[in-house]
Each structure stands twice: as C-alpha cells, then as structure tokens.
Amino acid sequence: LTSSNSGDTNNAGGAPSGTADNAQSEKEKMQQKLKAAREQAAAAKEKKKSKKSKKHEKWLKEQQQQQEDRTKSWTDKVKREEEQCYLISDLIGTEFQRVNKGVEMNEEIQKVITDKSKEAHDAMYGSNIKCRVVVVGLDRKDINGRKGSIRHWDEDKGKFCVGLDTKKSRDCDVHFFKPENLDVVTSAQSVKKDGKLAANFIVSITGVTTQGGDDIGCQFSLEKSDVTKLQSAHSRSNGLQEFREERDALAQRLMKEQEEQRKEEERLEKEEEEDRKRRAELRAKKRAEKELKKGEQRQRREKEFKLKQMQAQMEWERKQAEEMREVKTMLYKVMFTQQFARAYQAYFHAWADDGGSVEDFDDFKKEFKEDLSEQFEELFELDELDEILEEIFEKTDEKFKEMLLKDRLEDDKKHAEVLGVSHDVDKRTLQKTYRKLALQYHPDKWSANSAHGMSKEEAEEHFKSIRSSYDHLMANFDE
C-alpha cells in the first residue's frame, strides 16, 4: 500500500501538496467564521447589557428626580409655614412690647410668643405639613409603603416625626423620615377644608413674670389681614411700625368710647339719683301730711270714743243694777265686745278715708289698742282686753285689708290710666312711657302746632297730672 501510494503520488505530479493547502485554507476560514460568530454573540450580549443599563439608569434618574421634587415640596411647605409663623411672631411681639412698655424680651417671653404664633397660624392658615403621607423610597419592606400622619418637623434632626398606622390603631407607630421619603396621600379624607379656618385669632398671654416679680401679659385679636399687610410691606420694620400705629389708634379709639360710655352711665346714674331723691322728698312730705291728718283724726276719734264710752258706761251701770253679778259680768263682756267692734269699725273707716294703707295697718291696730287700754284700764284687766280685741281683730282684719288693697288697686288704675299703661306695668316700661309723655306735654316743649291740641295752660296741668301719676306708681318700686 505504501508503495502504491507513493507511486500514485509520484504519478500525480505534485497533487498531494495542493490538497494540504486546501485543507489549511478551509480550517482558517472555519476559524474566522467561529471568531466572527463569537464577536457577534459578544456584541449582542453587550448591546443587551447596555440596554438594561440605560433602562436602569433612567429609572434611577426618575427616582432621584422624584426624591428631589418631594424634598423641594416639603422644604417649600416648611419654609412657607416658618415664614408665616415668623410674621405672626413679630406682630405678637410688637403688640406685647407696645402694651408692656419698657419690658425686655427674655427667653421665657420669646418662647411664649413663639408658641402662640404657632397656635395662631394653625387656627388661621392651617398646618402646611400636618397631613396624611405614605412612606416611599426606602429599602425596608416593613416600612416602605405604609401610611401615617405627620406630627411635626424636627429641625434638629432635619426629619419629620410621623405616626404610622397599624392594624390595631391609627397614627401610633412613631418614626422619623427625611422629606424625600414621604409622599402626600391625596385622598378625600386627607384634604383639610378651608371653611374651618378662622379669619382672626384671640392672642392671650398671661402668667408672664418680669425680673422684678410683676405679672405682665396682653390680649388682642390678631386679624389675618394684619399678617397679609406685613407680608406685602416694603420692609418688615415699616410693616411692624404701621401695625403698631394701627394698634395705638385702635387703643385710643377704644379708650375714647369707654370714656364716653362711662360719662353716659354717670349721667344716667346722676339723673336716677336725683329722681330718687325727689321721690323720697315727696314721700316724706306725704308722710308728714299723713301724720298730721292722723293726729287730727286721733283727736276726733278720742272725742267720739269718749262719748260712746260714757254712753256705754251709763248703760252698763244701769244693767249692773238690774241683774245679778255673774249675769252682769257676762253681759258686760258681750256688750263691750260689740261696742269695741263698732268703735274699731268706725276708727278704721275714718283712718282709711284719711289715706290709711296696708303697710300702716299694724300701726293703726296698735294705736287703737293703746287708746282702749288707757281709757278702760280701770274696768278691764289687760289680758281680758287683749282677748276681746284679738277676737275682734280675727273677725275683721282680713276684710279690712281686702278693702285697703282694693282701694290701692283702684288708685293705681286711675294713675295708670293717666299714663296710658296697665296698673301692673314694670319699672322700665313705666320710665320709658313717662319720658315719652314728658317730652310731649312739657310746657317748655309746647307750641301752637302741638299734636295734642292743648293750650299751654292745659298742657301744663296735664303734665302735672302725668308727673303725679308717675311718682305715685314709681313709689311702688321704691318701697
């Protein structure tokens, strides 16, 4: 075989050498194709990896942009709220220094003013940061995506204090988060209604003590417009100066109004005092006239009573001579009881005709009893006379009091009819009616064209009647 191959080779005239070259050429081509395939596969893999990398980079940029937007939004809210609080704090501090002149602003006062400024801001503007939020952008799966409520901004930590919701309760799991990790929950329940915000806030600062131990403070109504004016002023100092001037003007106006009100009250009180004195003098005059009439009536009653006493004495002596001592004694008691009853009735009618009243009824009884005691002290023991009189009083007093009250009611009705009011009118209505009629019928107000159509003399007489009726009815309230 070897020889044959070699012979064939020789016979071919160089053919074996050409076959080897072809094989080498095919091998090189195959290697080139494999290399090209590997390069193409590497390029495709690199392209796919580059595509994923670009998508990831885009997502990272979006996440970073969202964090920046959230940080900017929260920073703007905190800055805006702090700026409004600073404005309100300046206004409160200005008013505090205006009211408490010469007081130095120490840390205690400044802290109180700062707290009040936050209360005023929440009442008038509402909190820009206290809202419902959701945690985003954290790697912790147990925290990320949970909802809660912002409690406050911790300036020292640069974070929000948030109470996260749990399955059992709401806003109870407290954590601190950076602004970029919180997003606002825009549900209907989380939106605060502006209708609940106030247009003003009553600032009340009390319990502040100076170094000298004096208690200071102030109270005023801070308007929302005051904050707006200060915010739009050319400078903070000019705005505060305008606010101080407005408060000074308001204080002066209030002092003026209070002074006018005080003077008006003093004037009314003086008029009422003069009116009261005049009525007291009138009552004293009437009382003196009544006492004078009482004295005259007492003398007249004494004369009449002595005459009746003499008649009764004569009748008693006549009957005493006719009957036995016991019968005489019984008839004596009965007889004088009847005589005393008639005398008591006569005394009462005479006393009532002279102006007796329910208030003086007890004094009248006392006087009657004293008169009888003096005149019959030799005929009766004091206990016997008291027994007779108590029996008479028990039978007649209620009837007499009803008569006096009826006479007084009729008198009140007559006077009330003059004024055109009811007899049971209240004091304020009576005073108003009297002032109205006094203006209408006062002689100084009379003119030929007066609506009442009276002459000056008639109007003067009618005015006197009005005044007399007014004094009579007002006496009921004075008593």
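How many of the six residues of strand β3 are buried? Five of the six residues of β3 (159–164) are buried, and the strand is therefore mostly covered, where buried means under 20% relative accessible area with a 1.4 Å probe and protein chains only.

## Basis of the report

The model is predicted: local features need pLDDT of at least 70, side-chain atom pairs count only at pLDDT 80 or more, and totals for chains, interfaces and linings use all residues. Residues are numbered from 1 along each chain as its sequence is written, and side-chain values use heavy atoms, with hydrogens and water left out.

Helices (H or I, at least four residues) and strands (E, at least two) are DSSP runs, numbered from the N terminus.

## The open sheet

Strand β3 belongs to an open sheet of five strands, arranged in the order β4-β3-β2-β1-β5 with antiparallel pairing. Two strands pair if DSSP finds at least two bridges between them. The edge strands, β4 (173–177) and β5 (182–184), each pair on one side only. On average, neighbouring strands are turned by 45° against each other, direction ignored; the axes are lines fitted to C-alpha atoms, and angles run from 0 to 180 degrees between N-to-C directions.

Six bridges connect β2 and β3 in the antiparallel sense, and S149 has G163 in β3 as its bridge partner. Four residues lie between the strands in the hairpin of β2 and β3, where G158 takes a positive phi near 70°. On the way to β4, β3 is joined by five bridges, again antiparallel, and G163 stands opposite V174 in β4. At the other end of the order, β1 (residues 132–135) pairs with β5 over three antiparallel bridges; V133 has V184 in β5 as its bridge partner.

## The nonpolar core

In soluble globular proteins, nonpolar side chains tend to be buried together. A nonpolar core is a set of buried Ala, Val, Leu, Ile, Met, Phe, Trp, Tyr and Cys residues joined through side-chain atoms within 4.5 Å. The largest such core has 22 residues, and I88, I92, M124, I205 and L222 have the most contacts inside it. Two or more residues come from each of α2, α3, β6 (200–209), β7 (215–223), α4 (224–232) and α5 (236–322). The helix that gives the most is α2, with five residues.

## Pockets and cavities

Grid points are joined across faces, edges and corners, and a volume is the space filled by probe spheres set on the points.

The second largest pocket holds about 480 Å³ of space. Of its 19 lining residues, E81, E82, C85, K118 and W153 are the closest to its centre. Helices α2 (15–99) and α3 (107–124) and strand β2 (147–154) each supply at least two residues of this lining. By class, the lining has five nonpolar, seven polar and seven charged residues; Ala, Val, Leu, Ile, Met, Phe, Trp, Tyr, Cys and Pro count as nonpolar, Asp, Glu, Lys and Arg as charged, and the others, Gly among them, as polar.

There are four cavities of 30 Å³ or more, and the largest cavity has about 60 Å³ of space. Its lining consists of L91, D226, K229, L230, G239, E242, F243 and E246. Helix α5 gives the most to this lining, with four residues.

Technical notes:
1 Å grid on protein atoms, 1.4 Å probe; cavity = no way out; pocket = protein on both sides within 12 Å on 5 of 7 lines; lining within 4 Å. Buried < 20%, exposed > 50% of the residue type's maximum accessible area, 1.4 Å probe, protein only.
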